[in-house]
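Reader: Hi! Could you walk me through this protein, one piece at a time?
Author: Happy to. Have a look at it here, and then ask away.

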Amino acid sequence: MSNSDSIMPEHPPVTDWVHDFDHTDPRWTDDPFPIWDELRKTSPVVHTDRFLGCYLPTTYDAVKAIAYDTEHFSSRRIIVRDVRPEIANPAPPITSDPPAHKPAKQVLLPPFTPDAVKKLEPRVRAICNELIDDFIADGKCDAAERYSKHIPVRAIAHMLGIPEQDSDLFIKWIHEILELGIRDNDVLMNAVHEMAVYFATHIEARKQKPTDDLISDLMKAKGPNGQPLTDEHVMGSLRLLLIAGIDTTWSAIGSSLWHLARTPSDRERLIAEPELMPLAVEELLRAYSPVTMAREVMKETTISGCPVKAGNMVLLSFPAANRDPAMFPDADKVVIDRKENRHAAFGLGIHRCVGSNLARMEMTVAIEEWLKRIPDFRLDPAGKVSWSQGTVRGPRQLPMLFGKAR
Ligand code: HEM
């Protein structure tokens with residue numbers, strides 16, 4: 001975590017997870033799994049008065065029921081925060097409810113088909129190798145700082161047609177919006193503003209001279225009324241692709257490498273049986289799902305027998321659903337060749353992830369290229385692994401040593 005965390009107001013530590021949970025508590029950030037197990041044993045849905053009132057479903061069934069129920073649960077707020085500022089700067093389709101959701105999603109689908117993603121694969125392989133070239137001779141690296149962090153941001157910059165060198169700027173905004181912004185609205189609004197100015201410049205430039213990239217494609221796309229999308233809509237979608245596509249995949253790649261660093265048997269199997277990769281990627285997504293979204297309760301209802309009241313938020317934990325033993329046998333174990341695996345890492349219902357093909361390709365390529373060049377690696381006992389807090393969970397410091405342990 002960055003130094004700027006010190007400016008955040010501290011939350012009182014949790015003493016009763018069942019009645020007073022807090023997903024920003026350091027114990028949750030470090031190791032949420034035993035907490036979810038405890039909560040799931042007590043009730044499928046629990047509540048906290050923190051964050052101005054928030055529910056947490058921990059079973060697969062409860063998470064699914066909420067994700068599919070757009071009548072009682074709105075996506076107009078998708079992050080649980082200390083504050084509930086006025087809704088500004090929406091990011092369609094993720095912040096849209098029916099009927100606006102469907103047309104907003106449809107314009108985003110073409111660049112993420114399996115065929116479109118396949119075309120991007122050689123560039124992603126090259127990015128991975130360029131990154132590895134920079135640190136392999138050192139015999140060690142921070143795999144989050146030097147590797148996983150850079151792959152999705154460069155891939156998406158390449159797709160959008162913006163300079164790959166601007167990656168650090170995007171990483172800064174994402175940290176400010178998704179992490180620091182939970183507690184500090186000024187930081188959040190400032191990051192949103194900087195991003196808007198940045199994209200406005202790129203949109204203006206393409207009005208003068210269209211380009212062959214995703215920004216120009218969005219500008220040419222037609223909305224539900226047959227008219228081109230407004231600049232504001234294009235801007236919202238660009239903001240969403242950056243926010244949704246980068247630290248999610250960066251986290252998934254980081255958690256996968258973290259697991260493989262600690263589990264030589266899985267590493268060796270993947271090297272000996274590369275055909276297991278598709279199953280392994282699904283299992284790593286299930287076990288270390290990075291993304292927890294939110295909903296706002298619009299009307300009173302009941303979920304898995306638990307009453308849910310309007311005006312509260314819901315922390316929609318796809319990661320907790322994926323650890324539910326009623327849905328997945330040996331839910332707490334990573335079974336690298338798990339066959340039956342209907343996990344919810346990419347969400348459930350109408351908001352299911354647009355970028356899942358891209359994310360799977362990036363994870364596969366990042367793990368394959370790493371294993372080809374660094375078949376033996378382990379966590380550096382002299383360093384410390386740290387995890388991001390809040391909406392997206394993944395390693396932010398991941399010190400590794402290469403070669404066999406002596
Ligand atoms: C491992 C990586 C990823 C994970 C785990 C992930 C997970 C998710 C989840 C759980 C949702 C559902 C949100 C909800 O229900 O409110 C979602 C939506 C979305 N994701 Fe991803 N995502 C990943 C990568 C990506 C990438 C690479 C992109 C695009 C570049 C992307 C774009 C989107 C978009 C646009 C939505 C909104 C869809 C809608 O509202 O209909 N995601 N993602």
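**A loop residue and a ligand**

Author: Let's start with Gln-389, which sits in the loop between strand 10 (386-387) and strand 11 (395-397). Keep in mind that this is a predicted model.

Reader: Is Gln-389 buried or exposed?
Author: Gln-389 counts as buried, because its relative accessibility is 10% and the cut-off for buried is under 20%.

Reader: And what lies 2.9 Å from a polar atom of its side chain?
Author: That is the backbone oxygen of Thr-24.

Reader: New topic: the ligand. Which protein residue is the donor to its iron atom?
Author: Cys-353 is the single donor from the protein, with its SG atom 2.3 Å from the iron. You'll find Cys-353 in the loop between helix 16 (318-321) and helix 17 (356-373).

Reader: How many residues surround the ligand?
Author: There are 30, and the closest are His-101, Lys-105, Arg-295, His-351 and Cys-353. By type, the shell has 20 nonpolar, 7 polar and 3 charged residues.

Reader: Where do those shell residues come from?
Author: Several elements supply at least two residues each, including helix 5 (101-106), helix 12 (231-245) and strand 5 (293-297).

Reader: You mentioned Lys-105. What does its side chain lie 2.9 Å from?
Author: A polar atom of the Lys-105 side chain lies that distance from an oxygen atom of the ligand.

Reader: Which backbone atoms lie by a ligand oxygen?
Author: Among them, an N or O atom of Ile-94 is 3.4 Å from a ligand oxygen, and one of Ile-350 is 3.5 Å from a ligand oxygen.

How values were computed:
Residues numbered from 1 in each chain as written. Predicted model: local features only at pLDDT ≥ 70, side-chain atom pairs only at ≥ 80, totals over all residues. Heavy atoms only, no water. Helix = DSSP H or I, 4+ residues; strand = E, 2+ residues; numbered from the N terminus. Buried < 20%, exposed > 50% of the residue type's maximum accessible area, 1.4 Å probe, protein only. Polar contact = N/O pair within 3.5 Å; in protein donor to acceptor, adjacent residues only side chain to side chain. Donors = N, O, S within 2.8 Å, 3.2 Å for Na, K, Ca; no water. Near = heavy atom within 4 Å. Nonpolar A, V, L, I, M, F, W, Y, C, P; charged D, E, K, R; others polar.
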